Amino acid sequence: KDHVGPATHVMSYSWGNKIDDIVQSLAGFCNSRRLDLKRTYIWICCLCVNQHRVKERMDKGEILPFGELNIIISKEQIIGINNMLFLMVPFKKPLCFTRIWCIFEAYTAIEENCNFTIIMPPREK
């Protein structure tokens, strides 16, 4: 089926990244690899997991153990998908390096020998 299927890639990014940067980076990646846009499925946490529930709990003062946060995306999912796209924007001071979750995702992908690709919008190259 077109536009529906299991994830072919996981994208690691920061909530502070601009939508335009995400879209341009993904489009550039897909175009450079000549991927079929109807058959390329990107796992993006904000579209796959309701993260507002996490924030609501934190706002109530609840402490969320790392193991519970691991439901956002697990090591097993990263390994199973096997293709990590790591968004580095802005190039000189990437937001992803200020977020422990992005570092965890990158570490997991590299440690488990997943395909790891740094992506960025054309203006950053």
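Which residue in strand 4 stands opposite Met84?

Analyst: Met84 faces Phe116, which is in strand 4. A word on the basis: this is a predicted model, in which local features need pLDDT of at least 70, side-chain atom pairs count only at pLDDT 80 or more, and totals for chains, interfaces and linings use all residues. Residues are numbered from 1 along each chain as its sequence is written, and side-chain values use heavy atoms, leaving out hydrogens and water.

Start with the strands. Strand 3 and strand 4 run parallel and are joined by five bridges. Strands (E, at least two residues) and helices (H or I, at least four) are DSSP runs, numbered from the N terminus. Two strands count as paired if DSSP finds at least two bridges between them. The open sheet has four strands in the order 2-1-3-4, with parallel pairing. Strand 2 and strand 4 (115–119) are the edge strands; each has a single partner, so one side of each has no neighbour in the sheet. Helix 1 packs on this sheet and touches strand 1, strand 2, strand 3 and strand 4. Its direction makes about 135° with that of strand 3. Helix 6 lies across strand 1, strand 3 and strand 4, at about 145° to strand 3. Such angles run from 0 to 180 degrees between N-to-C directions, with axes fitted to C-alpha atoms, for helices over the stretch in contact.

Rings of Phe, Tyr and Trp (its six-membered ring) pair if their centres lie within 6.5 Å; planes under 30 degrees apart are stacked, over 60 edge-to-face, and the rest tilted. This rule gives three aromatic pairs. One of them is Phe86 with Phe97, a tilted pair at 5.9 Å between centres and 45° between planes. This pair links distant parts of the chain: Phe86 belongs to strand 3, while Phe97, eleven residues away, sits in the loop between strand 3 and helix 6. Phe86 is buried at 3% relative accessibility. Phe97 is partly exposed at 47%. The cut-offs are under 20% relative accessible area for buried, over 50% for exposed and in between for partly exposed (1.4 Å probe, protein chains only).

Trp101 and Phe104 form a pair too: with centres 5.0 Å apart and planes at 40°, it is tilted. Both residues lie in helix 6, three residues apart, about one turn. Trp101 is buried, at 16%. Phe104 is also buried, at 18%.

Now the core. A nonpolar core is a set of buried Ala, Val, Leu, Ile, Met, Phe, Trp, Tyr and Cys residues joined through side-chain atoms within 4.5 Å. The largest one here has 28 residues, and Met11, Tyr13, Leu26 and Ile119 touch the most other members. Two or more residues come from each of strand 1 (9–12), helix 1 (19–32), helix 5 (75–81), strand 3 (83–87) and helix 6 (100–111). Helix 6 contributes the most, five residues.

Take Met11. Beyond its neighbours within four places in sequence, Met11 contacts (heavy atoms within 4.5 Å) Ile22, Leu26, Ile42, Trp43, Ile44, Leu85 and Ile119. Leu26 and Ile119 are themselves among the members with the most core contacts.
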